[in-house]
Amino acid sequence: MLDPVRALQAAFERGDVQDDTVRAALSVFSSYRPELTGAIVRHAETRSGDYVSQLAAGTHYLGLLSLLRTMRLGRDIPQENLAKMVAATEQADIYLRRALHATAQPSLAYAERLNSAMVFGQDTWDVYIEGLQRCPSSMHLRENMLRSLRAEWGGRGDFSAMRAFLKRPEHDSLSEAQRRRLAALELAYEAHHQLHFKNNAALGFALYRQSIALSPTITAYLGMMAAPSDDPANPLANVDTYAQLVLDLDPDNDHARARWGAAHAMEGRSWHGLKLLRHARSWGETYAADQLRHPGFRRFAVLRVLFRLGQ
């Protein structure tokens, strides 16, 4: 099962592919499924020198961390989850640290360690700088560092840290397309903050559109799924369009499916919507888990069905 990922990692080390290709192939392991934990851990423990096996185990436990964290604001994370979050991160760190010594180009291991540091509000610069010294061509590491500087995370309330990051000298070696991608992601993160933290939907969606025009990314497409429909007869037009665009780029993107399913359920199309949500939840997708455990969401979905039937 891991041999194709090993082949892609070897291609990345030769410079034939970008590390985001390796990350996409490994994404199934970040979808936390507890029934797979035993097999993933046994595989890693019996192959302590194999980079991909260690990385798979590390990302598996970070998937659990994401599920435990929920998608709530930091102050709203369930207190009973905090100790479990720390334990999951400690397990992930065991395997990610092993991975750092198992290959000459452990960019994804550094990127995942950067992610876990970000979740706990820790400084991510040391991880980024050390990772980039070993993996100077890594786009995934750059993208994760930019994400950690969002205003609501390491940016401390404004966009200056992200904007300054785009001007750092290590990006001079990137292609024009790669620099556009980083700039597009920065705009998408500004859009996210305007939409969800400043309640400025008009500016948020305008920034998402600017981001897509510069370089289409999954991040911006996911953001545009929340844009109001221009078609009164089809309130789900944008959700359907942008969810499909995400899945065209990443067929295994369960976050898009979860958002898609929730939107359909909220419009009273609960059979289809809940099916999508439950599928995403079965793969440990955090948004789907949050929605399905919330009694208010389930009640509203049922009421919307009854309303549609009564029309």
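Among contacts in the protein chain that link residues at least 6 apart in sequence, 60% bring together residues at least 24 apart. Keep in mind that this is a predicted model. As for secondary structure, the protein chain comes to 17 helices and zero strands.

What about the overall dimensions? Taken along the principal axes, the box filled by the C-alpha atoms of the protein chain is roughly 65 × 45 × 35 Å. The radius of gyration is 20 Å, and that agrees with a compact globule, because a globule of 311 residues would come out near 19 Å.

Of the 311 residues, 50% count as buried. The protein chain exposes about 15000 Å², with 55% of that area supplied by carbon and sulfur atoms. On the charge side, there are 37 positive and 34 negative side chains, and the centres of these two sets sit 5 Å apart.

Helix H5 takes in residues 82-100, which makes 19 residues. From its first C-alpha to its last, H5 reaches 27 Å, close to the 27 Å expected at 1.5 Å a residue. Its buried residues are Met85, Ala88, Thr89, Ala92, Tyr95, Leu96, Ala99 and Leu100. If you're wondering about the spacing in that list, an α-helix has 3.6 residues a turn, so residues three or four places apart point the same way.

Key
Residues are numbered from 1 along each chain as its sequence is written. This is a predicted model: local features need pLDDT of at least 70, side-chain atom pairs count only at pLDDT 80 or more; totals for chains, interfaces and linings use all residues. Side-chain values use heavy atoms; hydrogens and water are left out. Helices (H or I, at least four residues) and strands (E, at least two) are DSSP runs, numbered from the N terminus. The radius of gyration is taken over C-alpha atoms; the globule rule is 2.2 Å times the number of residues to the power 0.38. Buried means under 20% relative accessible area, exposed over 50%, partly exposed in between (1.4 Å probe, protein chains only). Contact means heavy atoms within 4.5 Å. Accessible areas come from the Shrake-Rupley method with a 1.4 Å probe; for residues, only the protein chains shown count as cover. Lys and Arg count as positive and Asp and Glu as negative; His and the chain ends are not counted. The place of a charge is taken as NZ of Lys, CZ of Arg, CG of Asp or CD of Glu. The expected span of a helix is 1.5 Å times one less than its number of residues.
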